[in-house]
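I want to see who pairs with whom.

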Amino acid sequence: MFGYIRPRINELRVRDEARYRAAYCGLCRSLGKRYGMRCRFLVNYDITFLYLLLAMQEEAKTCETCFCPANPLCRKKCVAESPAMEYAADVCVLLCALSLDDARRDTKGIKRILPAAAFWLLKSALRKAEDRHPALALLAKQQLAQLHELETQNCASMDRVADTFASLLSRCADDFLAGEKRPAQQLLYHVGRFIYLTDALDDLPKDAASGSYNPLLHRFSCPEGQLSPEDRAYVCHSIDDSVGMAAAALELCEGTQNREILHNIIYLGMPALLHAVDRGTFHAKRKMKDTGEL
């Protein structure tokens with residue numbers, strides 16, 4: 001996944017920061033239990049956010065001490081296994097594996113080797129996730145195929161391509177949530193739109209240099225992969241609108257668990273990350289402890 005949905009760590013209370021880290025580590029452990037050690041490498045901030053949203057209506061889960069394969073000498077606190085954690089792990093495998101499959105088909109030449117090899121390693125896990133959630137798997141394939149078609153056509157509408165990805169993300173909680181689903185769907189839709197357009201803005205110079213598809217390259221004039229100040233302000237304002245809509249949807253979601261962490265992510269983390277991408281100071285591989293100012 002993209003890694004754009006992060007909390008503002010320096011604005012979290014100590015217990016909420018510990019809870020977030022335990023959720024991240026719990027998702028990693030759940031991926032390993034359900035799909036094998038190799039799938040633990042798929043853990044990411046975006047699916048951790050999905051888990052926190054799914055768990056809003058669950059009872060608070062205790063934290064357990066677990067082994068960390070990334071640091072064998074260290075024991076980590078993990079949120080205990082739950083239906084929300086298991087479902088989030090399933091969605092993580094589905095989205096990551098299908099995205100790799102899409103990248104494998106889109107990429108030409110020697111660059112195709114890496115996504116092809118990664119997808120081959122995940123094929124058995126993908127089949128298992130598809131068996132558990134056939135409707136979501138079918139929807140994901142349809143939406144990614146539609147997105148591929150728009151990209152092949154060099155679609156100049158940034159809203160149209162972002163809508164295709166956002167519509168997929170908006171349905172990722174449907175199989176889990178009971179009762180009124182509309183607020184969660186709207187929340188995930190605008191989070192998905194934020195992810196797609198922020199990624200396009202972040203990758204603009206690289207895509208301009210490589211000739212890869214980017215909706216901003218076809219929507220605006222981008223000499224040397226740079227937007228004019230007016231166009232950059234327009235794009236950032238459009239992305240920020242989705243932050244506002246996500247925040248409004250969160251207030252309508254039922255449940256109290258993790259609400260303060262979700263508030264931090266949407267009200268503080270997403271705007272800060274957008275600002276960092278706009279300034280060109282965002283680094284996707286920066287460790288969570290270093291993301292206080294993004």
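My entries on confidence and charged pairs follow.

Ground rules first: this is a predicted model, where local features need pLDDT of at least 70, side-chain atom pairs count only at pLDDT 80 or more, and totals for chains, interfaces and linings use all residues. Residues are numbered from 1 along each chain as its sequence is written, and side-chain values use heavy atoms, with hydrogens and water left out.

I checked confidence: mean pLDDT (the predictor's confidence in each residue, from 0 to 100) is 90 for the protein chain, with 95% of its residues at 70 or more. Residues 288–292 fall below 50, and beyond near neighbours in sequence I find 13 contacts (heavy atoms within 4.5 Å) for this stretch.

Next I counted salt bridges (side-chain nitrogen of Lys or Arg within 4 Å of a carboxyl oxygen of Asp or Glu) and got twelve.

I looked up arginine 29: its side chain meets that of glutamate 64 at 3.0 Å, N to O. This one links distant parts of the chain, helix 1 to strand 1 (residues 63–67), 35 residues apart; helices (H or I, at least four residues) and strands (E, at least two) are DSSP runs numbered from the N terminus. Arginine 29 is buried at 11% relative accessible area, while glutamate 64 is partly exposed at 34% (buried is under 20%, exposed over 50%, partly exposed in between; 1.4 Å probe, protein chains only).

I also noted arginine 171 with aspartate 174, closest N and O atoms 2.5 Å apart. Here the arginine 171 side is partly exposed at 40%, and aspartate 174 is buried at 12%.
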